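I opened my notebook to look up a few things in this structure. My entries follow in the order I made them.

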Amino acid sequence: MIEVLFLCPRGMHSDSNHLHLCFLGELWEVGVVLGTYQVSRALGNLIVVMFGGKDPFKRLQILLSCIALFGWSFLALFGRPSETSPFSFTPYLSETDGGGTGSIMPLFALFCVGLGETIVILQRSLMMETAKESPSGIMDESLVAQRFSYQYAFVSFGATCAFIVGGWLYTTIGYYSVCDFGMIIQALHLLGALVYLFLARNGKKSLKGDELDGNDLIRSVIYRFQAASVISKYSQDVANGTEHAMSSESQGLSDAAIKAKSDRVLNHSLGEMYRHFFLQKSDDVVCMEELLNSIESTQATGVNASLTSKRPTAMAIGKHKLSKLVLFLVKSKGQGRLTEREFVSFWGPRIYLSIYESSQEAKSVNVIWPYMRAVVATQAIAALCIGIFLSTALLSYTQRFPERCDAATVGLLLGIGEGAGVLVIFAKSYLSGRKYKESTNNLLLGILKAIVARPLNVPFVLFVACLCSMLFSVDNFIVAVTFQMIYSAVNDLAVSLMNELIGTSIPSEKFKYYQGIGQWLRRLGNMVTAILGPIFFGIDERLPFLFFGKFTLSPSDKLSVSSPNYDVLTRCIDVARCHCFCMGSDALVLNVHACG
Amino acid sequence: MAAAKLLPEMSTYVIADGCAAKSLDKHEAALEKIANESVNVVSASEAESILAECAASSKQSFLDDSDEWLMIEKIFSAGGVGRNESMDVDILRSLIESLHSDSSILSTLTDSLEASGEKEISRAQMHKILFQRKHRSGFSENFPLLILMSYLPFLYSVSTRIPFIFIALEITQGRGRK
């Protein structure tokens, strides 16, 4: 098809068949350009995740903003006709490609614009800025969630303005005015980033260089105290006789070893302990003696220290010999120095077991229910619908209703839809905080309540979105506009509900991984629709919306069947854990009865 | 059984419509067996409302931020301090020093203790020192937050969404292709 396009000179279409082939070729080009743009956005995300480090704003924000500014500048200046100067915003008559060859090559500069996909950086910085409000640098999660929703509202508001202003500029002035607008916006963005960087540098407090943050910091301190207690008890047992130390080992150490190995915070705390005591001096026995002395002094600090008996240690052996014995037990190899790995793998399981000793069953309930994996996958599949609107709605409106629609009108329609999305999210936040009177007798109200409640609301909203996507293809302007508006309004709601579902039903330590996979799949979905949307549109004007609408509908159906009971069960376990903790019981044995 | 011993006031609920039985007979047999073991059989929606009540009541509990209080309890028990008692600040300081940790939490605690000049510290005071949020006041303190929450996201979104409103038309109708 591309070959046909190149054989077809502009303005020399002899018959309708030839004209159609040219149009198909152009749709391929739309797919390639938009696909490249979406790939660059995904790449921008990947760069932030891989190279962003602890503070991606400091490391990458300016660089990525500069690249995006370069992209817009290139688009705005390359092949610019002399009759229109930059930022003049006046209509011009010349061809827009600097020679009328119809080349799309300059448009690939959008790749640079796509690298300015920095929302992950802004989210991370917002978390860090919130953490600064806590004396110990631990952020308030509910406050962060509230601020994220405001941030998301401004993202949607930005999309509204982009569609309305961009469409209007393109229709009334032309291509170069849109690029000028993009350049101004990106320059302002860069300026804002520089100002924030300056303020952050001069701020009263920034995050410490700790490897851990948030709740992990608290757990790290808990583990340090627990480590001292475990090492002390173990060395006392050794002092009473090594055979006693071996027999007092709790059962389940091998299970605990697996779990301790994956506990990042525990490994960090023990690693810190090892580095402090064992990297200072060359003799391991002296180092171990120092560690035991330090722990002893910690215990001697306590107000009840005088009450504890020193008899067992005093009776058995001296401190130097004890250190030798403990070191012998900790080391897995006879020769060479004690390594950090040996130290961590010896104490890790014991500390883990001492904290979670009787809650092994509770820990083993820490599962990812199969339907949550379906929700993660559905995030990507749902992205197909929004992707198809982003890549093909403009084409669809202008081709199907040429007498009614130009870029300005389409921009206005998409902008209003995005604005409706912001309102729906705010309304959802407002309504979820209100309580309604119970009226269980009303069947209809009961059904509605079940649909609106988690997690059935996710497949329901997705169902509405898919239906709107398919009905948008109806060849009637009013119908198309109505369903496009409804789609835009519920799309943001679906994304927000799925984020909420994943965030609250997946264990927190697995959240980052699953959310990361979900976001990556979303971008993949966007890229697929950017390429296939215009191509399908060339085959049939209704095909992209019908195909991707139906494609998204199937997984959301399955999700609606499988999700509710699993979700309730997950929350039962969470609440049971919470209650056991509140009642002060360390020894939790959790039995989950599932009917059948 | 073990859970019932530990938590005598615990109630057990079974969700009837989460049943994986493949026939109605098996389903009823399962329900009958469960009913004999003094558990409550509820529907998923009933369980949902029970959970909502539980969540509301647990929010009022002082152990809402469990890890925070657990850490404070660990520090106090390492210092050998009983329930409802305060800890001597010197003991706490030497306790922290003996840990040789570069944790920001512990350094914040040490710095605050030095600044306050208090002789003793209670659990509630420690929680306040470590975790009570400092509200931003004035434009200068709120300005960085405004940039991150509204200004930059808005401009980021405008910049990355503009291409979708003109690229398709530019390729099919612009560039001399009308």
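Entry 1: chain B, the overall pattern.
I needed one definition before reading the pattern: helices are DSSP runs of H or I with at least four residues, strands are runs of E with at least two, and both are numbered from the N terminus. I also noted that this is a predicted model. How many helices and strands does chain B have? I found 9 helices and 4 strands. Along the sequence, chain B reads α-β-α-β-α-α-β-α-α-β-α-α-α. I then looked at burial in chain B, which has 178 residues. Buried residues make up 30% of them. Next I took the contacts in chain B between residues at least 6 apart in sequence. Of these, 54% join residues at least 24 apart.

Entry 2: helix α5 of chain B.
This helix covers residues 89-99. Which residues of α5(B) are buried? I listed Leu92(B), Leu95(B), Ile96(B) and Leu99(B). Seen down the helix axis, they fall within an arc of 95°, so they line one face of α5(B). His100(B) follows α5(B). The phi of His100(B) is positive, near 50°.

Entry 3: Arg224(A).
I went to helix α8 of chain A, residues 215-239, where Arg224(A) sits. Is Arg224(A) buried or exposed? I counted 25 other C-beta atoms within 10 Å. The cut-off for buried is 20 or more, so Arg224(A) is buried. I left aside its neighbours within four places in sequence and checked its contacts. They are Ser269(A), Leu99(B) and Ser101(B). Leu99(B) is already in my notes as one of the buried residues of α5(B). I also checked Arg224(A) against Ile351(A). They are 127 residues apart in sequence, yet 9.5 Å apart in space, C-alpha to C-alpha.

Entry 4: a helix pair across chains.
Two packed helices are described by the angle between their axes and the distance between the axes. The crossing of α6(A) and α8(B) is right-handed. On the α6(A) side, the contact includes Tyr150(A), Phe154(A), Phe157(A) and Phe163(A). On the α8(B) side, it includes Met149(B), Pro153(B), Tyr156(B) and Arg161(B). By class, I noted 14 nonpolar, 4 polar and 2 charged residues in this contact.

Entry 5: helix α14 of chain A.
I checked the length of α14(A), which has 12 residues, 319-330. At 1.5 Å a residue it should span 16 Å. Its end C-alpha atoms are 16 Å apart, so the two agree. Ser323(A), Leu325(A) and Val326(A) are buried in α14(A). They cover an arc of only 165° around the axis, which puts them on the same side of α14(A).

Most residues other than glycine have a negative phi. Phi of Phe87(A) is near 65°, and phi of Phe89(A) is near 50°. Where is Phe87(A)? It lies in the loop between α3 (56-77) and α4 (110-114) of chain A. Phe89(A) is also found in the loop between α3 and α4. Phe87(A) is exposed, with 12 other C-beta atoms within 10 Å. Phe89(A) has 15 C-beta neighbours inside 10 Å and counts as partly exposed.

How values were computed:
Residues are numbered from 1 along each chain as its sequence is written. Chains are lettered from A and ligands numbered from 1 in the order in which they are written. This is a predicted model: local features need pLDDT of at least 70, side-chain atom pairs count only at pLDDT 80 or more; totals for chains, interfaces and linings use all residues. The expected span of a helix is 1.5 Å times one less than its number of residues. The arc is that of the directions from the helix axis to the C-beta atoms. A crossing is left-handed if the near helix is turned anticlockwise from the far one by less than a right angle, and right-handed if clockwise. Two residues are in contact if their C-beta atoms, placed from the backbone, lie within 7 Å. Ala, Val, Leu, Ile, Met, Phe, Trp, Tyr, Cys and Pro count as nonpolar, Asp, Glu, Lys and Arg as charged, and the others, Gly among them, as polar.
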